Amino acid sequence: MVFNSWEFALFFPFVIFLFFAFPFRYRWIILLVASYVFYMAWRVEYILLLIFSTCIDYWASNQMSKKSTKNERKPYLYVSILSNLGLLFSFKYLDFFASSFNYVFPSTLQIPLMHLVLPMGISFYTFQTLSYSIDVYNGEIKAEKHLGIFAVFVSFFPQLVAGPIERASNLLPQFREKHFFDEKRIKLGLQLMAWGFFKKLVIADRVAIVVNQVYNSPSDFSGLSIWIASILFAFQIYCDFSGYSDIAIGAAQVMGYNLMKNFDRPYFSKSISEFWKRWHISLSSWFKDYVYIPLGGNRTVKWRWYYNLFITFLISGVWHGANWTFVIWGALHGFYLIAALQIQPISNWIYSKFSISKESLFYKFFHISITFFLVLVAWVFFRANNVSDAFLILEKSVEGNFLAQIKDLFLPFKETFIRFSTAYLKSDLTLQNQNLGIKFYEFLITLFGLFIMETVHFLQRNHSLREEISKLHWILRWGLYYAFIASIIFLGSFGEASTFIYFQF
């Protein structure tokens with residue numbers, strides 16, 4: 001089941017009704033059954049993997065709670081780690097390593113491929129339970145004694161298949177709190193869900209048309225077409241994933257549960273380091289706490305510090321997918337961070353020499369632009385179907401007559417707004433006879449959606465826009481609600497119930 005489906009439109013209100021209709025002591029049962037139904041709507045038999053992971057970590061954590069020293073707890077931690085990573089490796093990486101081995105050693109015994117279907121959300125719920133086991137091992141939290149409540153923590157349906165990856169210290173205690181029907185809280189949650197649907201349906205799914213057209217046939221495109229598709233993919237993956245996070249956080253808020261913020265205007269970052277404090281915050285903080293710091297973090301000699309950074313991002317790349325494109329993507333971000341540390345003294349000297357303040361408009365614009373460009377280059381490897389396609393896209397991005405292509409791009413605007421010609425609105429968007437696979441009017445809708453989103457981001461810099469909207473007169477407030485819902489219905493892309501990008505991870 002996906003959020004942008006009619007099944008969920010019926011499922012969610014029914015769950016909310018049952019949740020508030022039943023007494024508090026039964027609500028964990030409602031949530032557990034709803035979460036399992038939500039997951040089984042995708043593939044019934046894979047619920048056994050979720051139950052297996054739940055039972056192993058419940059048993060291991062409770063065994064650790066009976067031991068007084070880390071040495072005594074360590075065997076049970078190993079059981080938890082090996083079980084979860086074993087599941088993840090078997091279903092996500094086994095064929096990747098087998099095919100890589102077969103390619104490198106073609107003359108030796110070939111390893112057969114299993115072609116297992118990747119269980120939805122396995123990377124997310126295994127990491128969530130792993131962090132719980134590690135925290136119990138370190139004595140940071142107590143083991144949960146109630147198997148049912150622990151099972152709800154592992155399978156909580158709003159964030160089950162694509163996060164945010166919650167910490168037990170934040171989410172587990174909330175399942176023991178009584179949550180009452182609160183009109184204001186529910187309204188805020190529904191607003192956030194609507195905002196997530198807007199980003200997904202109006203922007204991400206329309207942008208996907210151009211991105212898929214170009215990235216699935218990169219040899220047919222060059223120059224400005226490549227740039228447009230690459231920039232649009234940066235917004236596609238942001239709107240798709242942050243849209244999912246908004247829906248998940250909003251759905252949980254309706255029931256009274258608070259999930260962590262997962263995105264914070266990442267494309268306004270002035271450095272790669274800042275980008276990773278704003279992008280997929282739950283995952284980046286997970287890698288920081290459970291990989292980077294245990295490796296030694298920055299409290300070591302310089303070369304070891306750089307090694308820790310690079311390895312952390314390399315593992316992050318591998319986490320995202322069983323493909324060498326993701327390995328290169330992670331390695332690039334590790335390289336970016338190390339390079340930034342190397343040149344920071346030089347850049348600080350230059351800014352000091354020319355009296356350029358870090359608060360100046362020039363500094364912010366320059367650093368935001370450079371950061372976005374570097375992220376964009378890395379996104380090419382993230383989105384490309386394989387490494388060869390990624391390098392081909394980078395090569396063809398500098399080909400072609402840019403001026404002629406820009407003229408082609410703006411010609412429909414001229415004809416449309418001067419002649420008011422509907423023929424151009426319905427025509428395909430082409431650059432130098434390169435069909436981008438989208439109608440011109442759909443491209444305008446995409447630009448409109450991006451404008452709305454960035455306007456909201458600008459207004460959200462210092463305060464909550466949802467809180468400000470709640471203060472408006474009810475006529476203005478409800479008029480805004482209806483206008484926003486109408487924009488989703490009439491401008492959203494409903495051709496196919498496309499899944500969220502991060503479901504594949």
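At 16% relative accessibility, Arg265 counts as buried in this predicted model, because the cut-off for a buried residue is under 20%. Arg265 sits in the loop that links helix 9 to helix 10 (272-278). The backbone is worth a look here too: phi of Arg265 is near 45°, a positive value in a residue other than glycine.

His115 belongs to the loop between helix 4 (70-104) and helix 5 (122-137). With a relative accessible area of 61%, His115 is exposed, whereas Arg265 is buried. Most residues other than glycine have a negative phi, and most peptide bonds are trans. Pro164 lies in the loop between helix 6 (147-155) and helix 7 (168-171).

Attention now turns to helix packing. Two packed helices are described by the angle between their axes and the distance between the axes. For helix 9 (residues 224-255) and helix 18 (residues 440-459), the angle is about 65° and the axes are 13 Å apart. The crossing of helix 9 past helix 18 is left-handed. On the helix 9 side, the contact is made by Leu232, Phe235, Tyr238 and Cys239. Their counterparts on helix 18 are Leu450, Met453, Glu454 and His457.

Leaving aside residues up to four places away in sequence, Leu192 touches Asp246, Ile247, Ile249, Gly250 and Arg466. One of these, Ile247, is 55 residues from Leu192 along the chain, yet their C-alpha atoms are separated by 6.4 Å.

Finally, the surface carries a nonpolar patch formed by Phe22, Tyr26, Ile29, Val33, Val37, Met40 and Val44. Together these side chains present about 550 Å² of accessible area. Tyr26, one of the patch residues, is placed in the loop between helix 1 (6-21) and helix 2 (27-40). The relative accessible area of Tyr26 is 36%, so Tyr26 is partly exposed.

Terms used: Residues are numbered from 1 along each chain as its sequence is written. This is a predicted model: local features need pLDDT of at least 70, side-chain atom pairs count only at pLDDT 80 or more; totals for chains, interfaces and linings use all residues. Side-chain values use heavy atoms; hydrogens and water are left out. Patches are made of residues with over 30% relative accessible area and no salt bridge: like charges are joined within 9 Å, nonpolar side chains (Val, Leu, Ile, Met, Phe, Trp, Tyr) within 5 Å. Accessible areas come from the Shrake-Rupley method with a 1.4 Å probe; for residues, only the protein chains shown count as cover. A salt bridge is a side-chain nitrogen of Lys or Arg within 4 Å of a carboxyl oxygen of Asp or Glu. Helices (H or I, at least four residues) and strands (E, at least two) are DSSP runs, numbered from the N terminus. Buried means under 20% relative accessible area, exposed over 50%, partly exposed in between (1.4 Å probe, protein chains only). Axes are lines fitted to C-alpha atoms, for helices over the stretch in contact, and angles run from 0 to 180 degrees between N-to-C directions. A crossing is left-handed if the near helix is turned anticlockwise from the far one by less than a right angle, and right-handed if clockwise. Contact means heavy atoms within 4.5 Å.
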